[in-house]
Amino acid sequence: MNNTVRFNNSRTLEGKYIVITGATSGIGYAAAKALVLRGAKLGIVARSRSKAAELSAELGKMTNGEAQVDCFIADMSSQQDIRRAAAEILNRVPRIDRLINNAGTMFVKKKLSEDGLEMTWAVNHLGPFLLTSLLLDRLIASGDARIITTSSHGHKMARRGIDFNDMNGDRLYSGLKALLGGANLRYGQSKLANILFTAELARRLNGTGVTAHCFDPGLVATNFNQDNGGLARLTMACMKPFSRTPEQGAQTLVWLAESSELLLKSGGYYADMKLQTPSNAARDEAGASRLWQVSEEQTGLLAGPGLRRIQ
Ligand SMILES: NC(=O)c1ccc[n+]([C@@H]2O[C@H](COP(=O)([O-])OP(=O)(O)OC[C@H]3O[C@@H](n4cnc5c(N)ncnc54)[C@H](OP(=O)(O)O)[C@@H]3O)[C@@H](O)[C@H]2O)c1
């Protein structure tokens with residue numbers, strides 16, 4: 001990877017409509033700038049109205065007012081928010097060419113979402129799962145759409161796969177496991193879930209023209225982990241000299257969004273613009289299928305009236 005990444009401004013995404021989460025900071029922010037410079041229209045899904053408005057204004061300024069940027073407000077830990085934002089997107093956006101699930105976080109101390117689910121899992125896996133499911137019909141109707149999810153090399157921490165007997169991380173966040181870095185393992189499980197979800201989604205989408213991809217951005221200097229107190233901030237600061245810039249971290253994401261489909265493998269896990277082999281746990285088809293079922297239960301997709309179940 002080059003140390004200096006300059007996104008070129010070739011209009012490879014002219015007129016494409018891209019829904020992106022986590023664009024108000026870090027990798028997503030760098031990606032949003034690169035995507036509009038390539039001619040994409042953006043639908044930003046953000047939890048902060050003011051940050052979304054600031055980003056929208058900045059993207060407008062950068063393109064002399066040419067960029068079309070729509071803002072949708074949702075905290076990705078809230079299933080109600082996601083359902084509301086998805087309904088608004090479906091109402092306002094007739095065609096979606098790319099969905100980029102990039103928002104992500106890590107909770108060092110255990111916290112439950114308003115739906116009673118552990119927060120790292122809720123934001124990093126269930127949020128993308130629900131948003132994708134709700135937008136899927138529109139993606140399929142749009143033709144050769146793509147779903148891109150930001151995973152991490154950190155998925156390798158979850159060597160034993162997803163612990164389906166501890167879906168709310170009770171064991172990881174208590175006792176010795178907590179002291180030994182249970183929160184990191186929880187993050188690893190959520191990033192493993194991104195890969196398993198992508199692989200299972202690709203299998204289910206086979207023949208629809210829509211493809212699914214995920215990637216590892218590398219170690220990137222962003223605001224990641226900054227809310228987790230002094231020690232986490234210190235760790236991130238120590239790693240900064242070895243980290244990539246957000247622009248470098250966004251490079252594979254942008255490449256996945258703009259490259260010819262002939263270069264890409266649906267279900268693939270990428271890093272540095274190359275197909276990679278993820279961990280053994282990430283290649284477990286039975287695990288991916290079970291994760292899908294559990295995720296449907298955790299998001300109420302089976303129970304909700306009018307919600308399409310992906311077969
Ligand atoms: N940085 C790394 O070294 C690294 C390495 C591997 C993978 N990743 C992955 O890269 C992705 C982007 O992270 P980043 O490094 O760019 O971190 P970041 O600078 O902290 O950006 C995270 C983005 O996600 C949004 N977000 C977090 N929680 C949210 C929630 N509950 N609802 C809605 N949006 C939420 C943030 O919104 P606000 O602006 O409102 O906070 C922000 O836009 C994550 O999925 C992360 O797991 C990062």
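**The ligand and its surroundings**

A backbone N or O atom of G104 is placed 3.5 Å from an oxygen atom of the ligand, a polar contact being a pair of N or O atoms within 3.5 Å, where within protein one must be able to donate a hydrogen and the other to accept it, and residues adjacent in sequence count only if both atoms are side-chain atoms. Taken alone, the ligand exposes 900 Å², of which the protein buries 94%, with accessible areas coming from the Shrake-Rupley method with a 1.4 Å probe. This is a predicted model, in which local features need pLDDT of at least 70 and side-chain atom pairs count only at pLDDT 80 or more, while totals for chains, interfaces and linings use all residues. Residues are numbered from 1 along each chain as its sequence is written, and side-chain values use heavy atoms, with hydrogens and water left out.

Side chains also reach the ligand: an N or O atom in the side chain of S25 lies 2.6 Å from one of the ligand's oxygen atoms, and for the side chain of K51 the corresponding distance to a ligand oxygen atom is 2.8 Å. In total 28 residues surround the ligand, the closest being T24, S25, R47, Y187 and T222, where a residue is near if one of its heavy atoms lies within 4 Å. By class this shell has 11 nonpolar, 13 polar and 4 charged residues, with Ala, Val, Leu, Ile, Met, Phe, Trp, Tyr, Cys and Pro counted as nonpolar, Asp, Glu, Lys and Arg as charged, and the others, Gly among them, as polar. Helices α1 (26–37) and α6 (182–205) each supply at least two residues of the shell, helices being DSSP runs of H or I with at least four residues, and strands runs of E with at least two, numbered from the N terminus.

Charged pairs are found as well, for the structure holds 13 salt bridges, each a side-chain nitrogen of Lys or Arg within 4 Å of a carboxyl oxygen of Asp or Glu. In one of them R38 pairs with E258, the closest N and O atoms being 2.6 Å apart. Because R38 lies in the loop between α1 and β2 (41–46) and E258 in helix α8 (residues 246–258), this pair ties together parts that are 220 residues apart in sequence.
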